[in-house]
Amino acid sequence: YLLPPLPHIVQRAPQAMSKVNCPVCEVPVPADELEAHANACLDAKQQAPPPAYIVTADDASLLHAPTPEPTKTWSSSLFDCHTHVYSCLLSLCCPAIQFSVTQARAFPETRLGCLGWFGILVLIKLAVFAPFFTHPEAMQAYYEREDPMVFDVIRARIAFYSTLAFVGVFTYRRMQMRAKFGIRGSCLGDMCTMLWCTCCGLAQEYRQVEHEEERAAAAVTAIAQARLAESAPVEAIPVAKEV
């Protein structure tokens, strides 16, 4: 006899398990493993070292950000040279080098550097010397020394015009520094400082630049800490499983 036909057996494919994105790493994981995976991601994130903060161009601009209105005084007195021996000795022995270093650090946007500012002072000195030593009578008086009075007059004029030129340059650059850092003062006060207390004035400017750099560096550090705090690891939150 014939056997009855067997019922048709349909093999069903196993139903794919639904996946959800991890709230920490945004990686899709099975729903039943979500909580364990999220906690593992949090533990790994907490153990990882904090990311290094890179100072951007906007943050670096704080180092030399101009102050619109003069609202403050110099960070140190004109006669506080003893508080910074290095700048005191450099201003006393090599005022031209002190001026060049200060200007290069205070105005990096000029791209002159220390050698550039020192070269400007050398050119000014040569410009003062040139008119006297290109004059025939001055050259004759210099080489023959027949008339000491003429030679002394030439030396006096060179010293006078050199002092006048350097005091003018130092005064103008001091005014520019006050305008950039928002320091109260006047053109007459700057001129008197550079004329009668040149070494002390140059040392004061150097100390002011160091003070501004420290203040700007502290501001950049605060910004870095704030931005790193924004990316701090979140606390573990229990994740509900899908039913």
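Predicted model: local features only at pLDDT ≥ 70, side-chain atom pairs only at ≥ 80, totals over all residues.
Q: What percentage of the residues in the chain is buried?
A: A residue counts as buried when its relative accessible area is under 20%. The chain has 243 residues, and the buried share of them is 26%.

Q: Which helix gives the most residues to the nonpolar patch?
A: The nonpolar surface patch covers about 430 Å² and is made by Ile 97, Phe 118, Val 122, Leu 123 and Leu 126. Ile 97 lies in helix H4, residues 95–106. Four residues of the patch come from the helix spanning residues 113–133, which is H5.

Q: Is Ile 97 buried, partly exposed or exposed?
A: Buried means under 20% relative accessible area and exposed means over 50%, with partly exposed in between. Ile 97 has a relative accessibility of 35%, so Ile 97 counts as partly exposed.

Q: How far apart are the C-alpha atoms of Val 122 and Ala 96?
A: Val 122 lies in helix H5 and is partly exposed, with a relative accessible area of 36%. Along the chain, Val 122 and Ala 96 are 26 residues apart. Their C-alpha atoms are separated by 9.1 Å.

Q: How many disulfides does a search of the whole structure find?
A: A disulfide is a covalent bond between the sulfur atoms of two cysteines. The cut-off for the pair of sulfur atoms is 2.5 Å. The sulfur of Cys 93 is 5.9 Å from the closest cysteine sulfur, in Cys 94, and is therefore too far for a bond. The search of the whole structure finds a total of zero.

Q: Which cysteine holds the sulfur closest to that of Cys 200?
A: The closest cysteine sulfur to that of Cys 200 is 4.1 Å away, too far for a bond. That sulfur belongs to Cys 81.

Q: Is Gln 103 buried or exposed?
A: Gln 103 is found in helix H4. Leaving aside neighbours within four places in sequence, Gln 103 is in contact with Trp 117, Arg 173, Met 177 and Glu 205. Because its relative accessibility is 0%, Gln 103 counts as buried.

Q: Within what arc do the buried residues of H8 fall, seen down its axis?
A: In helix H8, residues 187–196, the buried residues are Asp 190, Thr 193 and Met 194. They line one face of the helix, because seen down the axis of H8 they fall within an arc of 90 degrees.

Q: Which exposed residues does the face of H8 turned away from its buried side carry?
A: The buried side of H8 has Asp 190, Thr 193 and Met 194. The face turned away from that side carries the exposed residues Leu 188 and Trp 196.

Q: What is the phi of Arg 111 near?
A: Most residues other than glycine have a negative phi. Arg 111 is found in the loop between H4 and H5, and at 78% relative accessibility Arg 111 counts as exposed. Its phi is positive, in a residue other than glycine, with a value near 60 degrees.

Methods: Residues numbered from 1 in each chain as written. Heavy atoms only, no water. Patch = residues over 30% accessible without salt bridge, like charges linked within 9 Å, V, L, I, M, F, W, Y side chains within 5 Å. Areas by Shrake-Rupley, 256 points an atom, 1.4 Å probe, with all protein chains shown as cover. Salt bridge = Lys/Arg side-chain N within 4 Å of Asp/Glu carboxyl O. Helix = DSSP H or I, 4+ residues; strand = E, 2+ residues; numbered from the N terminus. Buried < 20%, exposed > 50% of the residue type's maximum accessible area, 1.4 Å probe, protein only. Contact = heavy atoms within 4.5 Å. Arc of directions from axis to C-beta.
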